[in-house]
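Biologist: Thanks for sitting down with me. Could you bring up the model so that we can go through it together?

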Amino acid sequence: MTFPSNGFGTIHASVFNQASSIVQRAPAAMRGHGALRYQCPTTNSFILVTDDATLASLAKAQPRIRCADCGEMHLLTHE
């Protein structure tokens, strides 16, 4: 199977929308049974993360997550 080469060498303009914005900090805290809760800085709602794959990906120095509520990227900070 061959793929057309037009379009793979270009970047869509929508990519630059989020690349130029500052990642907002979201206070996060561990909850019972290994869950993580953070507060979305855009909507001020609390989101509970219980998915094992997502929790494993957040085990790095500066964890970032795409918010389930507002869709933006947030930098999780210790509450």
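Modeller: Happy to! Buried means under 20% relative accessible area, exposed over 50% and partly exposed in between, with a 1.4 Å probe and protein chains only. This is a predicted model, in which local features need pLDDT of at least 70 and side-chain atom pairs pLDDT 80 or more, while totals for chains, interfaces and linings use all residues. Residues are numbered from 1 along each chain as its sequence is written, and side-chain values use heavy atoms, leaving out hydrogens and water.

Biologist: What share of the 79 residues is buried?

Modeller: Using that cut-off, the count is taken over the 79 residues of the protein. The buried share is 22%.

Biologist: Which strands stand at the edges of the sheet?

Modeller: Strands are DSSP runs of E, at least two residues long, numbered from the N terminus, and two of them pair if DSSP finds at least two bridges between them. The five strands form an open, mixed sheet in the order β3-β2-β1-β5-β4. Each edge strand has a single partner, so one of its sides lacks a neighbour in the sheet; these strands are β3 and β4.

Biologist: Which residue in β3 is the bridge partner of L36?

Modeller: β2 and β3 pair in the antiparallel sense over four bridges. L36 also touches residues including I47, L48 and V49, where contact means heavy atoms within 4.5 Å. Its bridge partner in β3 is V49.

Biologist: How many residues make up the largest nonpolar core?

Modeller: Such a core is a set of buried Ala, Val, Leu, Ile, Met, Phe, Trp, Tyr and Cys residues joined through side-chain atoms within 4.5 Å. Among its members are L36, V49 and L76. The total is twelve.

Methods. Lists of a residue's contacts leave out its neighbours within four places in sequence.
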